[in-house]
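Thanks for coming, everyone. I'll take a few minutes on one model, and I'll start with charged pairs. Have a look at the structure first.

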Amino acid sequence: MTNPLAPGSLDGRVALVTGSSRGIGADTARYLAEAGAAVVINYRSKAPRAEKIVGEIAAAGGRAIAVGADLTDADSVRAMFERAVAEFGPIDLLVLNASGGMESGMGEDYAMRLNRDAQVNVVDNALPHLAEGARIVFVTSHQAHFIRTTPTMPEYEPVALSKRAGEDALRARLPEFDERGVGFVVVSGDMIEGTITATLLERANPGAIAARKEDAGKLYNVAEFAAEVASAAVDPIPADHTRYVGDVTGFAPEQ
């Protein structure tokens with residue numbers, strides 16, 4: 001996948017991508033680093049995997065550090081931003097990529113704690129450390145964004161409801177973001193082939209991915225969707241603060 005960002009277009013900028021030790025987050029971080037940004041790779045528990053991404057970025061001539069943080073823990077998040085700013089300076093791009101909720105053994109409220117409460121916690125801790133003209137990018141799915149008007153698979157519903165709750169909580173902050181000069185954009189994508197969520201959905205509901213691909217005509221892969229997320233960090237923000245990636249014709253818009 002070709003990087004959608006021009007080399008050097010992010011020189012002197014600092015980006016922090018949550019959940020970026022693998023998948024969409026890792027590819028987004030790579031694109032941002034290739035464009036010149038100093039990148040903070042956030043991970044929860046897989047330090048070696050995060051350090052591997054840092055090594056790849058450094059080998060390509062970029063700058064990156066790996067910082068572990070449990071996004072559901074306020075102290076952990078606070079320490080992450082303090083370390084990021086100490087290393088690179090104020091943050092220009094904050095990509096809220098980390099999400100979950102289909103994992104087993106994390107408690108019934110885990111999806112809401114991670115996809116809503118933790119997202120708000122991350123933004124609260126980020127605001128004092130954002131550079132002038134900074135941008136926040138919130139990554140979600142069509143199945144979550146449209147959950148109030150279009151049902152999704154039962155296996156995914158708790159995640160969808162919690163991600164929409166997180167999106168709503170952040171959209172409610174738009175007046176505050178505007179006052180601070182902080183841009184905000186939601187990137188909503190269809191099911192992404194090759195992600196953990198898609199794998200878990202397929203395991204719980206065999207044939208789900210193939211059925212969605214047939215309905216949509218095409219599903220983006222991890223690298224393709226990450227390119228859209230990276231582009232959302234620099235492209236003009238749509239009037240409704242939403243960038244749609246993939247087919248939306250099967251989803252009913254809110255009135």
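Two points on the source. This is a predicted model, so local features need pLDDT of at least 70, side-chain atom pairs count only at pLDDT 80 or more, and totals for chains, interfaces and linings use all residues. Residues are numbered from 1 along each chain as its sequence is written, and side-chain values use heavy atoms, with hydrogens and water left out.

How many salt bridges does the rule give? The count comes to 16. Side chains of opposite charge can pair when their charged atoms come close. Take three of these pairs.

Start with Arg 243 and Glu 228. Their side chains meet in a salt bridge, 3.0 Å from N to O. This pair links distant parts of the chain: Arg 243 sits in strand E7 (residues 242-245), Glu 228 in helix H10, and 15 residues separate them. Helices here are DSSP runs of H or I with at least four residues, strands are runs of E with at least two, and both are numbered from the N terminus. On exposure, buried means under 20% relative accessible area, exposed means over 50%, and partly exposed is in between, with a 1.4 Å probe and protein chains only. Arg 243 counts as buried because its relative accessibility is 18%. Glu 228, at 22%, counts as partly exposed.

Next, Arg 30 and Asp 27. Their side chains form a salt bridge of 2.5 Å, N to O. Both lie in helix H1 (residues 23-34), three residues apart, about one turn of the helix. Arg 30 is partly exposed at 25% relative accessibility. Asp 27 is buried at 17%.

Third, Glu 176 and Arg 180. The closest N and O atoms in this salt bridge are 3.5 Å apart. The two residues are separated by about one helical turn, because they are four residues apart in helix H7 (residues 174-180). Glu 176 is partly exposed at 26% relative accessibility. Arg 180 is partly exposed too, at 47%.

There is also a network of salt bridges. It links Arg 148, Arg 164, Glu 167, Asp 168 and Arg 171.

Now the nonpolar side. In soluble globular proteins, nonpolar side chains tend to be buried together. By a nonpolar core I mean a set of buried Ala, Val, Leu, Ile, Met, Phe, Trp, Tyr and Cys residues joined through side-chain atoms within 4.5 Å. Which residues of the largest core touch the most other members? They are Leu 32, Val 39, Ile 41, Val 137, Phe 225 and Val 229, out of 38 residues in that core. Helix H10 (residues 222-232) gives the most to this core, with eight residues. Apart from it lies another core, of 35 residues, with Leu 16, Leu 71, Tyr 110 and Leu 114 among them.

Contact means heavy atoms within 4.5 Å. Not counting residues up to four places away in sequence, Phe 225 touches Ile 24, Val 139, Thr 140, Val 187, Gly 189, Ile 192, Tyr 220 and Val 245.

Phe 225 also takes part in helix packing. From H1, Gly 23, Ile 24, Asp 27, Thr 28, Tyr 31 and Leu 32 meet a set in H10 that includes Phe 225, Ala 226 and Val 229. Asp 27, then, has contacts in H10 as well as the salt bridge to Arg 30. What is the packing angle of H1 and H10? It is about 55 degrees, with the axes 8 Å apart. That makes H1 oblique to H10. The axes are lines fitted to C-alpha atoms, for helices over the stretch in contact, and angles run from 0 to 180 degrees between N-to-C directions. Under 35 degrees counts as roughly parallel, over 145 as roughly antiparallel, 65 to 115 as roughly perpendicular, and the rest as oblique.

Ile 136 is in strand E5 (residues 130-141). At 0% relative accessibility, Ile 136 counts as buried. Outside its sequence neighbours up to four places away, its contacts include Leu 94, Val 123, Phe 177 and Val 185. The other site is Ser 162, in helix H6 (residues 157-171). Ser 162 is buried, with a relative accessible area of 1%.

Last item: backbone. His 241 has a positive phi of about 60 degrees, although it is not a glycine. His 241 lies in the loop between H10 and E7. Is His 241 buried or exposed? It counts as buried, at 18% relative accessibility.

Note on methods:
A salt bridge is a side-chain nitrogen of Lys or Arg within 4 Å of a carboxyl oxygen of Asp or Glu.
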